[in-house]
Amino acid sequence: MAEKKRVFSGIQPSGRLHIGNYVGAMQNMISLQEEYSCIYGIVDYHAITVSFNPGQMEQSIFDCAVDYIAAGIDPAKSILMIQSTVAGHTELAWILNTITPISWLLRVPTFKEKKQQNPDYVNMGLLDYPVLMAADILLYRAEVVPVGDDQLPHLELTREIVRRFNGLFGVTFPEPKAKIGAVSRILGLDGINKMSKSLDNCIFLNDTKDEMWKKLSTAVTDVRRKRRTDPGNPDECNLFTMHKAFSGKTDIEHCARECRVAGIGCLDCKKILHENMYKILQPIQENAAELRKDRTYVLNALNDGQRRAEEIAAQTMDEVYAKLGIKLYHSRLA
Ligand code: SF4
């Protein structure tokens with residue numbers, strides 16, 4: 001039987017996860033587990049490129065693992081590991097740094113955005129973030145990367161780095177391809193910005209049903225629907241994108257049709273969405289509550305993930321060191 005293609009995706013341990021994370025990445029990651037051999041890394045090295053609280057990091061990593069397992073990442077099927085526990089990530093990142101022109105990094109749009117958001121914390125790690133991301137993927141020779149559309153420039157950069165490495169040292173890495181989920185991105189409740197904790201425009205995975213409604217009821221919809229009698233355009237409405245992620249076909253079609261003829265008001269439409277969203281998030285919340293009581297299970301899953309990831313990483317790094325002409329001196333061969 002042909003070996004399954006490998007998938008890598010990184011998960012930022014940046015506090016409570018929101019439905020933007022769920023729709024933009026998690027749903028896709030969960031569905032890929034049957035068809036692919038998946039490696040999911042909790043990317044703590046990425047998380048420290050912006051200002052962070054060391055006193056909360058351990059808990060954030062644990063919470064992140066809990067949320068992903070609760071949502072459907074199965075540690076028996078997929079490798080769930082913490083990036084900083086597998087040394088190959090930074091070893092390979094350094095090597096890739098030496099072949100990546102700075103000009104490639106300066107043009108990455110997220111660097112410009114993060115510079116604006118954190119003007120007092122523009123560090124080398126922030127600029128180098130895409131090279132570390134390339135190392136994350138290439139360490140496991142992943143061929144498929146589930147991404148939101150905002151991550152596409154990063155993946156293109158990884159592909160450029162692969163072409164350069166393979167051209168300089170001989171074919172070593174495959175060029176990874178993006179796998180965009182059915183709904184690639186939902187915006188924040190303001191309907192303008194990316195959903196983000198720092199912008200206070202999120203619905204969190206562990207919000208209560210009441211909290212969800214409070215947020216949804218005031219969320220921005222198609223701005224042309226000023227009155228109940230104004231017809232709207234679901235394609236211009238962020239709430240409708242949420243419907244596509246959480247509602248069934250019948251509700252999606254009903255809301256789209258009735259929105260266009262002002263048959264339903266936005267509040268009715270939001271009520272349908274609210275019920276559907278809660279139906280999906282409630283079991284995840286229940287699973288998470290159970291997992292929090294079983295800390296050993298979560299930590300064992302991460303330890304096992306580290307061990308399995310290290311095996312793959314060691315094979316890649318041996319080949320990389322051989323290609324660079326330094327394998328003989330590498331401690332792995334001692
Ligand atoms: Fe959006 Fe629904 Fe309002 Fe239409 S009816 S604008 S899809 S919230």
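1. Domain bounds here come from an automatic or database domain assignment, and for the protein chain of this predicted model that assignment gives domain 1 as 6-185 + 295-329 and domain 2 as 209-289.

2. On how the two domains meet, the C-alpha centres of domain 1 and domain 2 are 33 Å apart, and the contact between them involves ten residues of domain 1 and eleven residues of domain 2. About 810 Å² is buried between the domains, with 76% of that area on carbon and sulfur atoms. The number of salt bridges between domain 1 and domain 2 is zero, although the structure holds 22 salt bridges.

3. Helix H9 (residues 209-217) packs against helix H12 (residues 266-293) at an angle of about 145°, the two axes being 10 Å apart, and the crossing is right-handed. From H9, the residues in this contact are Lys 209, Met 212, Trp 213, Leu 216 and Ser 217, while those on the H12 side include Leu 267, Lys 270, Leu 273, Met 277, Tyr 278 and Leu 281. By class, the residues of the contact of H9 with H12 comprise eight nonpolar, three polar and four charged.

4. Helix H10 (residues 238-246) also packs with H12, their axes coming within 9 Å and crossing at roughly 35°, and here the crossing is left-handed. H10 contributes Leu 239, Met 242, His 243, Ala 245 and Phe 246, and the H12 residues that they meet include Cys 269, Ile 272, Asn 276 and Ile 280. The contact of H10 with H12 has ten nonpolar, two polar and one charged residues.

5. Reading the two helix contacts side by side, Lys 270, Leu 273, Met 277 and Leu 281 of H12 are among the residues listed for the contact with H9 and also among those listed for the contact with H10.

Methods
Residues are numbered from 1 along each chain as its sequence is written. This is a predicted model: local features need pLDDT of at least 70, side-chain atom pairs count only at pLDDT 80 or more; totals for chains, interfaces and linings use all residues. Side-chain values use heavy atoms; hydrogens and water are left out. Axes are lines fitted to C-alpha atoms, for helices over the stretch in contact, and angles run from 0 to 180 degrees between N-to-C directions. Helices (H or I, at least four residues) and strands (E, at least two) are DSSP runs, numbered from the N terminus. A crossing is left-handed if the near helix is turned anticlockwise from the far one by less than a right angle, and right-handed if clockwise. Contact means heavy atoms within 4.5 Å. Ala, Val, Leu, Ile, Met, Phe, Trp, Tyr, Cys and Pro count as nonpolar, Asp, Glu, Lys and Arg as charged, and the others, Gly among them, as polar. Buried area is the accessible area (1.4 Å probe) that two parts lose on being put together, summed over both. A salt bridge is a side-chain nitrogen of Lys or Arg within 4 Å of a carboxyl oxygen of Asp or Glu.
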